[in-house]
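Hi everyone, thanks for coming. I'd like to walk you through one model today, so let me put it up on the screen.

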Amino acid sequence: MTLALHDPQSGFYATREAIGAGGHFITAPEISQIFGEFLGLWCAQVWQVQGRPAKPRLVELGPGRGVLMRDALRALRGIHDFLEGLELLFVEASPEFEQIQRKSLVDQKISMRWVRHWSDIDQDRPLFLLANEFLDALPIRQFVMTERGWCERVVTESGDALSFALAPIPTPLVVPAERGTAAQGAVLEVSQASESLVEDIGRTIATQGGGALFIDYGHASQGFGDTLQAVARHKHADILSAPGEADISAHVDFAALSESAQRGGARVWGPIGQGDFLHAMGIETRMRKLATANPTQSSDIEEAVARLTNPEDMGSLFKVLAVMPPNAPTPPGF
């Protein structure tokens, strides 16, 4: 997954503009400006409730085309105290995407900088972090229950073609009882990269203050199943047929991430459905105000909000997890 997505010469994100109607998939910030606005206001409200700590740091993981942050900063214009001492950072692995983001944010009157990895950021300030459709692209490992035990699924080469195979030697795994009993052929997915990252973020928030929002598609309870998928030109694609030509992702295990954040000392809220979160934040009120100000676009505005919130669209599959300091009050939207 890492090579197929991030190889500098052939990786999917490194060689093309993947996001947007003209790309391979579309994300919530591309659907409606309200999404990014609400995430910016969420950070400001959490900052205010925690006593307006000095020198807040706002971080976005995987900023895409910069649309989310552009909308967030527009909503934050009136909150001068928050912006005054703000350090804005983007974690972006792709130099190509960084250039797209810089162009999108070129008119913003705030200092910002880019880093390649989360580990490049000092953990010495209150952290306000946004991650929309970021964790689903972090690499996973898959283990299949066989007569020999849990055998890792690997990728092998046969001639010019790639295929899946099982490691001959089983891997000793301790599977939590709440997952249930694994039948023959059951698939266990583990994202060590995601769990380690969220634990570290939780540790920073627990000690420095702040809050984080993780928004992604995934499941709230742990179980078994193969969720690895590839998407190209807005359609499902074969995972191994053309590495680097399709986006590869997997459903996010929010239960595992909640445990990771708590191991770091933080408290978690959710996960809840994206629709429930946006409704609680007041998306209908904002939608009506936006539609009134732009009457010729009112039907498009309403259609976009429906896509973000309806259970049959993104409202239920996409979930929101908040990571907060252990003694913080209930965050907005929860």
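Let me start with a question: does Ser194 count as buried or exposed? At 4% relative accessibility, Ser194 counts as buried; here buried means under 20% relative accessible area, exposed means over 50%, and partly exposed is in between, using a 1.4 Å probe and protein chains only.

Before going on, a word on what you are looking at. This is a predicted model, so local features need pLDDT of at least 70 and side-chain atom pairs count only at pLDDT 80 or more, while totals for chains, interfaces and linings use all residues. Residues are numbered from 1 along each chain as its sequence is written, and side-chain values use heavy atoms, with hydrogens and water left out.

Back to our serine. Ser194 sits in helix α8; helices are DSSP runs of H or I with at least four residues, strands are runs of E with at least two, and both are numbered from the N terminus. The side chains of Ser194 and Ser191 are joined by a polar contact of 2.8 Å. By polar contact I mean a pair of N or O atoms within 3.5 Å; within protein, one must be able to donate a hydrogen and the other to accept it, and residues adjacent in sequence count only if both atoms are side-chain atoms. Leaving aside neighbours within four places in sequence, Ser194 is in contact (heavy atoms within 4.5 Å) with Leu135, Leu138 and Leu257.

Leu257 takes us to helix α9, where it is one of the buried residues. Why is α9, residues 254-263, described as largely enclosed by the rest of the structure? Because seven of its ten residues are buried. The cover over those buried residues includes α8 (192-208), β9 (210-219), β13 (252-253), β14 (267-273) and β15 (318-324). After α9 comes Gly265, which has a positive phi, near 100 degrees.

Now the aromatics. How many aromatic pairs does the structure hold? There are eight. Rings of Phe, Tyr and Trp (its six-membered ring) pair if their centres lie within 6.5 Å; planes under 30 degrees apart count as stacked, over 60 as edge-to-face, and the rest as tilted.

Trp150 and Phe224 have ring centres 5.8 Å apart and planes at 25 degrees, so that pair is stacked. Trp150 is in strand β6 (residues 149-158) and Phe224 in the loop between β9 and β10, so to speak a link between distant parts of the chain, 74 residues apart. Trp150 counts as buried at 8% relative accessibility, whereas Phe224, at 27%, counts as partly exposed.

For Tyr217 and Phe318, the centres are 5.6 Å apart and the planes at 70 degrees, so this pair is edge-to-face. Tyr217 in β9 and Phe318 in β15 are 101 residues apart. Tyr217 is buried, at 7% relative accessible area, and Phe318 is buried too, at 9%. Elsewhere, Phe12, Tyr13 and Phe97 form one aromatic cluster.

Last stop: the open sheet of three strands, ordered β11-β10-β12 with antiparallel pairing; strands pair if DSSP finds at least two bridges between them. The edge strands, β11 (235-237) and β12 (247-249), each pair on one side only. Strand β10 (residues 229-232) pairs with β12 over three bridges, and Gln229 has Ser249 as its bridge partner in β12.
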